Amino acid sequence: MSPGAQAEISGSTFVNNSAVNSICSGGAVSVDNGAIASITNSTFTGNHSDTYGGAVSVNAGANVTVTNITASGNSAAGPGAGFYVGGTLTVRNSIIAENQPNTNCAIGENGMIRDGGGNVRYPYSDQSCVGDFGNPYLGTLADNGGSTLTMAIGLGSAAIDKINGAGGCGAGIYADQRGVARPGYGLYCDAGAYEYQLSSDSYRCFISAVYGFSDNDQVKTLRSFRDQYLTTSRLGRTMIDRYYEMSSKYAGLISQNEILCTAARMLLFPIYLLALSIINWPLALPLIILSFSALFFYRRHQASVRSIG
C-alpha cells in the first residue's frame, strides 16, 4: 500500500506470495508510511519475504489492525517471519503461530504491537507477539467451505472458546472467513479466521462434556488456571497437550451418561477448588508444594526410623 492510502480487507486468503528482492518487504502485504489498513477474517500462509515480514510488513508511520486472522507457515530471511512492525499493529482475536525460521513477529525501532485481546500465539518459546500461549492445532490449507481456502482449528485447539461472543465476538464480527456464524455453538467465539463447528450432541473435550457450555464458574476457573499457570512451564504445557490428546476419547461417553457425568463433576470439584485457591491467593501454590514436600520427607524419615528399629 502506498503512503497515505486506506484499505479494508476481509474474507481473503494470502498464500504463496513473495517479496523477492532486497528493497521489498512483506511477502503478502506491505503497508507504507501514513497508510491505514484493516484486515479481518483472513488467512496468511506460505508467504515469504527475502527481507522482513514474511506475511505482513507494517512500515514506519503505518497503522494496521488485524482481527480474526490466522497467520501460520510464513517465512522471511530477516526479522519477523509473520509480521514486521515498524509502525503500529493492533492484533485482536487472532492466531499467529509457527511462522519460521525466525520469530512470529519483529518490532522495529519505532514499532508498536498492541494486544486487542482474544489472541493465541505459538510456539511457547516465541515471546515476540501478543496473546496467550497455546497450541492452535491448525490444519493444512484446505477447502473447508466458503469461497476461499482456510486453515481449520482442531479438537483441543487453544483458539476454541477464546472470546466472549457478545457484540459480534467483541468486534462486530458475526461470521468467520467462510461465512459460518460466530459463535459457532454456545457463548464464546474462536480466535482466528475459522470458527470451530460443533453439533449439539458433540463435545470438544472432557471438561466440556462434564460441565456443558454454560458460562459457569468451574469452566471459567479451570480455563484461567490453564492459561495463567499451566502454560508457563514445560511440564504444564505437556499436561495440556496430553489432556487434549486423551480427553476427546472419553468426552462422548461422559456426555451420554448422566451417572458418569455426575461422578466426573465430583472428581473434578477438588481440582476446581485447588485452581480457585491458587488464582485468588497466589501464595497458596508454594504453600501447597511446601506442605506436600514436608509430608513426603516426614514419612520418609519415619520409614527410615522404623527400618533401623
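1. Helix α4 is the element that contributes most to the lining of the largest cavity, supplying 3 residues. The model is a predicted one, and the cavity and core descriptions below should be read as computed from it.

2. The cavity count is 1 at a threshold of 30 Å³ or more. The volume of the largest cavity is about 90 Å³. Its lining consists of 13 residues, and those closest to the cavity centre are Gly-134, Asn-135, Ala-158, Ile-240 and Tyr-244.

3. Two or more lining residues come from each of α3 (217-228) and α4 (234-255). Sorted by class, the lining of the largest cavity holds 6 nonpolar, 4 polar and 3 charged residues.

4. Turning to the nonpolar cores, the largest has 25 residues. The members that touch the most other members are Phe-44, Val-64, Val-66, Phe-83 and Leu-89. Strands supplying at least two residues each to this core are β4 (29-31), β5 (36-40), β8 (56-58), β9 (63-67), β12 (83-85) and β13 (88-92). In soluble globular proteins, nonpolar side chains tend to be buried together.

5. Val-66 can be taken as an example from this core. With neighbours within four places in sequence left aside, Val-66 is in contact with Ile-39, Phe-83, Leu-89, Thr-90, Val-91, Arg-92 and Ser-94. Of these partners, Phe-83 and Leu-89 are also listed among the core members with the most contacts to other members.

6. Another core lies apart from the largest one and has 17 residues, including Ala-97, Tyr-124, Ile-163 and Cys-189.

Conventions:
Residues numbered from 1 in each chain as written. Predicted model: local features only at pLDDT ≥ 70, side-chain atom pairs only at ≥ 80, totals over all residues. Heavy atoms only, no water. 1 Å grid on protein atoms, 1.4 Å probe; cavity = no way out; pocket = protein on both sides within 12 Å on 5 of 7 lines; lining within 4 Å. Points joined across faces, edges and corners; volume = space filled by probe spheres on them. Helix = DSSP H or I, 4+ residues; strand = E, 2+ residues; numbered from the N terminus. Nonpolar A, V, L, I, M, F, W, Y, C, P; charged D, E, K, R; others polar. Core = buried A, V, L, I, M, F, W, Y, C linked by side-chain atoms within 4.5 Å. Buried < 20%, exposed > 50% of the residue type's maximum accessible area, 1.4 Å probe, protein only. Contact = heavy atoms within 4.5 Å.
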